[in-house]
Amino acid sequence: MTFYMKPNKKTAVVFAALLLAFSAAAQTPKNVKYVFTEASELNLIGKILDGTPNPYHRVDTVKYKGFTTSENNQVRCPTGLAVLFRTNSSTISVKTQYGSFVYNAVNTMPVSYRGYDLYIRKDGNWLWAASGATKPEKAGDNLVLIKNMDNTEKECLLYLPIYCELYSVKIGVEEGASLKPADSPFRHRVGIFGSSYTHGISTSRAGMSYPMQFMRKTGIQILSLGCSGNCKMQPYFADVLCDADVDALIFDSFSNPDAAMIEERLFPFIEKIQSAHPDIPLIFQQTIYREGRNFNQDVEAKESAKQEMAAKLMKEAVKKYKNVYFISTNATDALHETSVDGIHPDNYGYSLWEQSIEKPILKILRKYGIR
């Protein structure tokens with residue numbers, strides 16, 4: 001039996017007042033005054049090499065030589081870097097000073113290559129909260145990522161842009177609110193060197209590359225050296241990896257080179273890195289199926305050749321070298337609907353990739369006490 005109580009004017013007024021009070025408590029003032037803190041003064045995570053003169057560069061290109069102009073630009077981008085902080089502010093914003101290089105492409109969202117991706121921890125999981133990017137002509141403007149939050153303290157994870165150089169990133173909170181570094185919940189230091197896939201090309205947000213999804217799901221810190229089009233097992237990239245303080249290394253190294261280059265470079269590349277890291281796992285991934293090969297016979301031939309060469313040599317490598325592993329990948333579904341441009345997966349495709357490697361990688365890492 002259902003009882004119905006007819007509302008009177010008094011209860012209606014009280015209810016309206018409660019709603020108004022709740023609404024006011026959740027709203028950010030229209031003329032909010034922001035206080036800004038440089039992101040590098042908080043907790044900047046995901047760097048494969050510490051001590052770069054610019055904190056948002058991944059590699060010191062004065063110290064490490066041999067990079068092409070394109071590679072030099074890319075390693076100065078903060079791909080995979082994120083800021084951990086706590087705040088009780090009802091609003092969070094960023095001010096950006098871009099460097100000399102900002103990417104421009106049709107197959108990647110601007111909010112990914114020059115914007116920000118904010119997650120807030122809820123019930124032990126990282127929950128997406130906001131993302132955004134300024135227009136190039138408005139660089140330096142205050143970009144409000146989110147407002148009208150409650151005033152409880154929140155643990156925040158802010159991904160930096162994947163494909164532009166940064167001179168300064170300032171995080172803004174409302175005057176009077178707290179803003180402090182957050183301790184990192186991410187364990188260990190696992191480096192990853194890879195192609196545009198590892199870099200995150202064709203993602204819609206900076207936190208959607210497969211390494212960043214893996215990091216959020218597993219709690220293992222990933223240090224990205226993704227370099228679009230330029231992961232070809234070059235010796236000078238090996239120099240960076242040799243100097244990196246890492247517990248393990250993962251490679252997406254068969255996506256950019258052709259079959260002949262894979263044959264020429266793979267074993268010397270492994271040997272150079274193992275000379276510096278003899279006791280850590282080196283986990284190589286097979287390159288994914290590129291949808292551009294569905295009907296293009298030339299692409300089909302080249303992709304088949306590189307996959308076959310990688311499989312053949314890695315079969316030898318896992319026997320020849322200690323601590324070397326080879327795993328399969330998948331970034332498509334049964335309908336082959338996950339491609340953006342015939343080369344790169346969309347967000348869903350990258351999620352499938354992460355799912356395909358998560359268990360195999362965790363199984364390998366556990367052998368080395370990385371949990």
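Because the model is predicted, local features were required to have pLDDT of at least 70 and side-chain atom pairs were counted only at pLDDT 80 or more, whereas totals for chains, interfaces and linings use all residues. Residues are numbered from 1 along each chain as its sequence is written, and side-chain values rest on heavy atoms, with hydrogens and water left out.

Side chains of opposite charge can pair when their charged atoms come close. Across the whole structure, a search finds 16 salt bridges, each defined as a side-chain nitrogen of Lys or Arg within 4 Å of a carboxyl oxygen of Asp or Glu. In one of them, Lys180 meets Glu153 at an N to O distance of 3.2 Å. Lys180 belongs to strand β10 (residues 179-181) and Glu153 to the loop between β7 (142-146) and β8 (154-159), so this pair ties together parts that are 27 residues apart in sequence. Helices (H or I, at least four residues) and strands (E, at least two) are DSSP runs, numbered from the N terminus. Both partners are partly exposed, Lys180 with a relative accessibility of 38% and Glu153 with 40%. Here, buried means under 20% relative accessible area, exposed over 50%, and partly exposed in between (1.4 Å probe, protein chains only); the areas come from the Shrake-Rupley method. Lys180 and Glu153 also take part in a network of salt bridges that links them with Arg86, Arg121 and Glu155.

Glu358 forms a salt bridge with Lys217, with 3.3 Å between the closest N and O atoms. With 17% relative accessibility, Glu358 counts as buried. Together with Arg366, Lys367 and Arg371, Lys363 gathers in a patch of positive charge on the surface. Such patches are made of residues with over 30% relative accessible area and no salt bridge, like charges being joined within 9 Å and nonpolar side chains (Val, Leu, Ile, Met, Phe, Trp, Tyr) within 5 Å. Lys and Arg count as positive and Asp and Glu as negative, while His and the chain ends are not counted; a charge is placed at NZ of Lys, CZ of Arg, CG of Asp or CD of Glu.

Lys302 is exposed at 53%, whereas Asp298 is partly exposed at 45%.

Turning to the loops, Ser89 is found between β3 (82-87) and β4 (92-102) and is buried, at 0% relative accessibility. The Ser89 side chain reaches the backbone nitrogen of Glu174 at 3.1 Å. Ser90, in the loop between β3 and β4, is buried at 6%; its C-alpha lies 5.6 Å from that of Lys147, although the two residues are 57 residues apart in sequence. Val246, in the loop between α6 (235-243) and β13 (248-252), is buried at 7%. Val246 and Arg189 are 57 residues apart in sequence and 5.0 Å apart in space, C-alpha to C-alpha.

Terms used: Accessible areas come from the Shrake-Rupley method with a 1.4 Å probe; for residues, only the protein chains shown count as cover. A polar contact is a pair of N or O atoms within 3.5 Å; within protein, one must be able to donate a hydrogen and the other to accept it, and residues adjacent in sequence count only if both atoms are side-chain atoms.
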